[in-house]
Amino acid sequence: MCICVNCAYVDQCVTYHAVEHQHQQPHLTDTPTFEPVSPSINVNIRSRAEVIEMEWDVVGCESFALEMGRWSRLRPGEPVPT
């Protein structure tokens, strides 16, 4: 799971914006301004029949600032991305 969902900077972060793009999800902001320090991204690749799926998760970041439930507060009622 992407650590960004519990980060204070999730709605401002250029890295999370890129992850949203990769997952073809709506952006929390169209113009992110926060450049995180040393984000680490895992890309999991799965193939099902002739379809290849890629899941991008930020698993580490020196700028991470814990704010539990930050993503959920920004998108109330929506399922948290996994």
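The residues lining the largest pocket of this predicted model divide into eight nonpolar, three polar and four charged. That lining comprises 15 residues, and those nearest the centre of the pocket are Tyr16, His23, Gln25, Trp71 and Pro81. The space within the largest pocket amounts to about 240 Å³. Helix α1 gives the most to this lining, with three residues, and α1 and β2 each supply at least two.

In the whole structure, one cavity of 30 Å³ or more is found. The volume of the largest cavity is about 90 Å³. Its lining consists of 14 residues, with Cys4, Cys7, Cys13, Pro36 and Cys61 nearest the centre.

The nonpolar interior comes next. In soluble globular proteins, nonpolar side chains tend to be buried together. In this model, the largest nonpolar core has eleven residues: Cys2, Cys4, Val5, Val10, Cys13, Tyr16, Val19, Leu28, Phe34, Val58 and Trp71. Cys4, one of these core residues, is in contact with Val10, Tyr16 and Val58 when residues up to four places away in sequence are not counted. Tyr16 and Trp71, both listed in the core, are also among the residues nearest the centre of the largest pocket.

Helix α1 spans residues 14-22. Its buried residues are Thr15, Tyr16, His17, Val19 and Glu20. The elements that cover them include β1 (40-48), β2 (51-60) and α2 (70-74). Thr15, located in helix α1, counts as buried because its relative accessibility is 12%, below the limit of 20%. Setting aside residues up to four places away in sequence, Thr15 touches Pro36, Pro39, Ile41 and Val58.

Asp11 lies in the segment before α1, whereas Arg70 is found in helix α2. Their side chains are joined by a polar contact of 2.9 Å. Asp11 is buried because its relative accessible area is 18%. Arg70 likewise counts as buried, because its relative accessibility is 17%. Apart from neighbours within four places in sequence, Asp11 is in contact with Leu28, Thr29, Arg70 and Leu74.

Arg70 and Cys7 are 63 residues apart in sequence, and their C-alpha atoms are 6.4 Å apart in space. Ala65 and Cys7 are 58 residues apart along the chain, with a C-alpha separation of 5.2 Å. Ala65 has its place in the loop between β2 and α2. At 22% relative accessibility, Ala65 counts as partly exposed. Beyond its neighbours within four places in sequence, Ala65 is in contact with Asn6, Cys7, Ala8 and Tyr9.

Most residues other than glycine have a negative phi, and most peptide bonds are trans. Gln24, in the loop between α1 and β1, has a positive phi near 55°, and its place is just after α1. Ser38 is found in the loop between α1 and β1 and has a positive phi near 50°. Gln24 counts as exposed because its relative accessibility is 72%, whereas Ser38, at 42%, counts as partly exposed.

The table gathers the relative accessibility of the residues discussed individually.

| Residue | Relative accessibility | Class |
|---|---|---|
| Asp11 | Asp11: 18% | buried |
| Thr15 | Thr15: 12% | buried |
| Gln24 | Gln24: 72% | exposed |
| Ser38 | Ser38: 42% | partly exposed |
| Ala65 | Ala65: 22% | partly exposed |
| Arg70 | Arg70: 17% | buried |

Definitions and conventions: Residues numbered from 1 in each chain as written. Predicted model: local features only at pLDDT ≥ 70, side-chain atom pairs only at ≥ 80, totals over all residues. Heavy atoms only, no water. Helix = DSSP H or I, 4+ residues; strand = E, 2+ residues; numbered from the N terminus. Buried < 20%, exposed > 50% of the residue type's maximum accessible area, 1.4 Å probe, protein only. Polar contact = N/O pair within 3.5 Å; in protein donor to acceptor, adjacent residues only side chain to side chain. Contact = heavy atoms within 4.5 Å. Core = buried A, V, L, I, M, F, W, Y, C linked by side-chain atoms within 4.5 Å. 1 Å grid on protein atoms, 1.4 Å probe; cavity = no way out; pocket = protein on both sides within 12 Å on 5 of 7 lines; lining within 4 Å. Points joined across faces, edges and corners; volume = space filled by probe spheres on them. Nonpolar A, V, L, I, M, F, W, Y, C, P; charged D, E, K, R; others polar.
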